[in-house]
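Look at the model first, then read on.

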Amino acid sequence: MNIPLNSLPPSDVPAAAAADAAATVGRTGLLLTGGGARAAYQVGVLEAIADLRLACGAGKQPNPFRIITGTSAGAINAAALACGADQFDRAVRRIVRAWSHMQARQIYRADSFSVAQSGARWLTLLSLGWVLARWRRLRPRSLLDNAPLARLLRQMVPLVRLPMVIRKGHLDALAVTASSYTSGDHVTFFEAGERQDPWVRSQRRAVRDRITHEHLLASAAIPFVFPATAIDVEERTEYFGDGSMRQSAPIAAAIHLGAERILVVGAGRMHEPKDPTLETEIPAYPSLAQIAGHALSNIFLDALAVDIERMERINKTISLIPQASRSGSLLRPIELLVIAPSERLDAMAARHVGDLPPSVRTMLGALGVTSDMQDVRGAALASYLLFEASYTRDLMALGRADTLAKRDEVCRFFGWQDTGASVPAEAQRAEADLVRKAA
């Protein structure tokens, strides 16, 4: 699939207009969280926001997000959006097209030989021990080879444009996070205007750097599944993995970069209801897939829910402090709008396990992932690896529907005047895009 995102022309919207809009409603930040293939949900949210923006007559206003932050696969979406900040609607449509035609082979090697080769190294390690593995130099680096993702990033994320959109005032900052296996720190890499300084907190720090595709590969390197990426940090090479690991404060980067209001797009339900079947069925010993899915959910989902609750408590506490006392401090309330899936993405993934490439399906089957649509807990692992259009389109449709269901909240958040104009249906939007592309 050819996605010529690096052909976006500069916008004619003057930078002064962007500054005026930011001053009117406060600097708005966007946080796109991690979750592998689950990040397709974010794309549906962005598409709905772009459509609402036009329906409210705000289409001529500049990029609605002055600060864009992302983690894991969310970092890829964040960077793609940031690079087209001067052409917000066009950038969103191109990201939508990319995810609408997604195939697993664009993210990782899915042919039988490649999967068998990586799987064989793990089996050798587990069955014959470290000694033989070391002797044969077979130390496995990851379960899957994500070399194809590096090629996709070069098409999908034209980072060469980023300095220009920042310099011309269309964007204040882009930040992506990764976790250092070398130092143990959680690191936020950011590219911003001249006034922004790095920050340091317990076990997390910020590094001002030129964002590269290696940063995106590192941020999206799901532990054990994809290999770590080497990045030079302050004259030292460190190896990084998925930014969701050890991410105790996902919202913090946007706040440090100056956001006063933040749209947070999650990759899982904030409050998962208990499974009613647990009260009636006899518990079985969990499969490796269930354990792995549980671990990944902890990495990708739990920290965000906790951070949102923390922010709500802080906002409430600040509201109790008199304005006169607040003016002399750095305390300020942060307005949050959270959009998260209204359905279990594990259950959606269970319906699409059969769409995985046969080799990957066989490998995951050995871990306990089946095509049984009732096996929701076993499908949790697959929900992060199902980079197939049948699944990503369902996630995008859910993201779009969840956002439109919050139409009033979204319009208030951005300060848009809702005229009640209809938003085009997905089929109409797809047809319009085809007409536009043909023209």
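In this predicted model, Asn77, Ala80 and Leu81 of helix α3 meet Phe88, Ala91, Val92, Ile95 and Trp99 of helix α4. By class, this contact has seven nonpolar residues, one polar residue and no charged ones.

How do the two helices lie? Two packed helices are described by the angle between their axes and the distance between the axes. Helix α3 covers residues 73–83 and helix α4 covers residues 88–100. Their axes come within 8 Å and cross at roughly 145°. The crossing of α3 and α4 is right-handed.

Helix α4 is mostly covered, with eleven of its 13 residues buried. Among them are Phe88, Ala91, Val92, Ile95 and Trp99. Asp89, Arg93 and Arg94 are buried as well. The length of α4 fits too: at 1.5 Å a residue, its 13 residues should span 18 Å, and its end C-alpha atoms are 18 Å apart, which agrees.

Now to the serine. Ser180 is found in strand β3, residues 173–180. Is Ser180 buried or exposed? Ser180 counts as buried because its relative accessibility is 2%, and the cut-off for buried is under 20%. The side chain of Ser180 reaches two backbone nitrogens, as the table shows.

| Side chain | Backbone nitrogen | Distance |
|---|---|---|
| Ser180 | Thr182 | 3.2 Å |
| Ser180 | Ser183 | 3.0 Å |

Not counting residues up to four places away in sequence, Ser180 touches Asp185, Glu238, Tyr239 and Phe240.

Methods
Residues numbered from 1 in each chain as written. Predicted model: local features only at pLDDT ≥ 70, side-chain atom pairs only at ≥ 80, totals over all residues. Heavy atoms only, no water. Axes fitted to C-alpha atoms, helices over the stretch in contact; angles between N-to-C directions. Helix = DSSP H or I, 4+ residues; strand = E, 2+ residues; numbered from the N terminus. Left-handed = near helix turned anticlockwise from the far one by under 90°. Contact = heavy atoms within 4.5 Å. Nonpolar A, V, L, I, M, F, W, Y, C, P; charged D, E, K, R; others polar. Buried < 20%, exposed > 50% of the residue type's maximum accessible area, 1.4 Å probe, protein only. Polar contact = N/O pair within 3.5 Å; in protein donor to acceptor, adjacent residues only side chain to side chain. Expected span 1.5 Å × (residues − 1).
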